Amino acid sequence: MRTLLKEVQGIDWGDAAIMNCKWKGPRLRDVLLRAGVTSSLDRDLYVAFSCYQVQCQEDDWFGSSVELKRCLDEDMDAILALEMNGSPLTPNHGYPVRVVLPGIAGARWVKWLDRITVQDHESSNFYQQRDYKVLPPDAVDSASAEPYWDRTPAMCDMPINSVVAVPGDGETVHLSESSTLEVKGYAVPHGADGPVTGVQVSADGGQTWVDAEIEGSSLERKWCWVLWRAKVRVEKGTGKQVLSRAFDRGGNVQQEHSQWNLRGVGYNGYGRASDLIVV
């Protein structure tokens, strides 16, 4: 399902634009403290990350920034990654060093890191100032969006979300002997509010919900996705749909839809597999 609400001026990322892996490197907090930054500094400061290795489509360099207090918070687990999944970073993943900011939008995780700056303003980079912002619904085109760019905060925390991965849209599926359909997917918590504490699945448009089984230990998944599965009863026929919704430790609950915005960023409406043929 390419367009659920209405068209956006964005990229068709889809449900698979996510990765879940292990990162290793020094804590960003330790590096900042070693450089002389202290927690007693003005709390309105920012940490800016810059890469000058490649020219971007809309700027000559790539940069981002987050609040200093988040970078100094031990519970936020921000690191400067040197390894991924037990091996040195590859060029595609940011070798020799990249920023890893758990719970924060990937647009802030600068690869090929050249410089870290503590400053009293956000990064001036295009992708911090003019992209990755949830603009209000009345910003419907480039012209009407113009006055909102400077007034809208940059995306930071990722929203709670879940995805129905199996079955996929338009698939023909076969019911089991018990007349149920097995549904599988993943879910992620809101920002630092992990772990995901529950996922529910519905096959009747959200009238009733079935609790899904979540794999793994809750102690290991504050920041990461969880994989889940559930068995639901679905009537045979065409045009069937399965929905999912997630819950996390912070009390966040995935809603049916989230705010439409021009760039299409941060959407976290119900996970769904649509147009199923059930036989």
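Trainee: Which residues are linked with Arg 27 in a network of salt bridges?
Mentor: Arg 27, Arg 29, Asp 30 and Glu 74 are joined in that network, where a salt bridge means a side-chain nitrogen of Lys or Arg within 4 Å of a carboxyl oxygen of Asp or Glu. Keep in mind that this is a predicted model, in which local features need pLDDT of at least 70 and side-chain atom pairs count only at pLDDT 80 or more, whereas totals for chains, interfaces and linings use all residues. Residues are numbered from 1 along each chain as its sequence is written, and side-chain values use heavy atoms, with hydrogens and water left out.

Trainee: How far apart are Arg 29 and Glu 74, N to O?
Mentor: The salt bridge between the side chains of Arg 29 and Glu 74 has an N to O distance of 3.9 Å. Arg 29 belongs to helix H1 (residues 28-34) and Glu 74 to the loop between helix H2 (68-72) and strand S4 (79-81), so the bridge ties together parts that are 45 residues apart in sequence. Helices (H or I, at least four residues) and strands (E, at least two) are DSSP runs, numbered from the N terminus.

Trainee: And what is the relative accessibility of Glu 74?
Mentor: Glu 74 is at 43%, which makes it partly exposed, and Arg 29 is also partly exposed, at 22%. Here buried means under 20% relative accessible area, exposed over 50%, and partly exposed in between, with a 1.4 Å probe and protein chains only.

Trainee: How many salt bridges does a search of the whole structure find?
Mentor: The search finds nine. One of them joins Arg 130 to Glu 146, whose closest N and O atoms are 2.9 Å apart. Arg 130 sits in the loop between helix H3 (126-129) and helix H4 (142-145), and Glu 146 in the loop between H4 and S9, which puts the two partners 16 residues apart. Another salt bridge brings together Glu 215 and Arg 229, at 3.7 Å from N to O. In that pair, Glu 215 is in the loop between strand S14 (213-214) and strand S15 (226-233), while Arg 229 is in strand S15, 14 residues away.

Trainee: Is Lys 133 buried or exposed?
Mentor: Lys 133 counts as buried, because its relative accessibility is 2%. Lys 133 is in the loop between H3 and H4, and its C-alpha atom is separated by 6.5 Å from that of Pro 153, 20 residues apart along the chain.

Trainee: Switching to the surface, which residues gather in a patch of negative charge?
Mentor: The patch holds Asp 15, Asp 169, Glu 171 and Asp 275. A charge patch is built from residues with over 30% relative accessible area and no salt bridge, like charges being joined within 9 Å. Of its members, Glu 171 is partly exposed, with a relative accessible area of 38%, and lies in the loop between strand S9 (161-166) and strand S10 (172-173).

Trainee: Last topic: what is the order of the open sheet of three strands?
Mentor: The order is S1-S5-S6, with antiparallel pairing, two strands being paired if DSSP finds at least two bridges between them. Strand S1 (23-24) and strand S6 (87-88) are the edge strands, each pairing on one side only. Strand S5 (residues 83-84) pairs with S6 over two bridges in the antiparallel sense, and Glu 83 stands opposite Pro 88 in S6.

How values were computed:
Patches are made of residues with over 30% relative accessible area and no salt bridge: like charges are joined within 9 Å, nonpolar side chains (Val, Leu, Ile, Met, Phe, Trp, Tyr) within 5 Å. Accessible areas come from the Shrake-Rupley method with a 1.4 Å probe; for residues, only the protein chains shown count as cover. Lys and Arg count as positive and Asp and Glu as negative; His and the chain ends are not counted. The place of a charge is taken as NZ of Lys, CZ of Arg, CG of Asp or CD of Glu.
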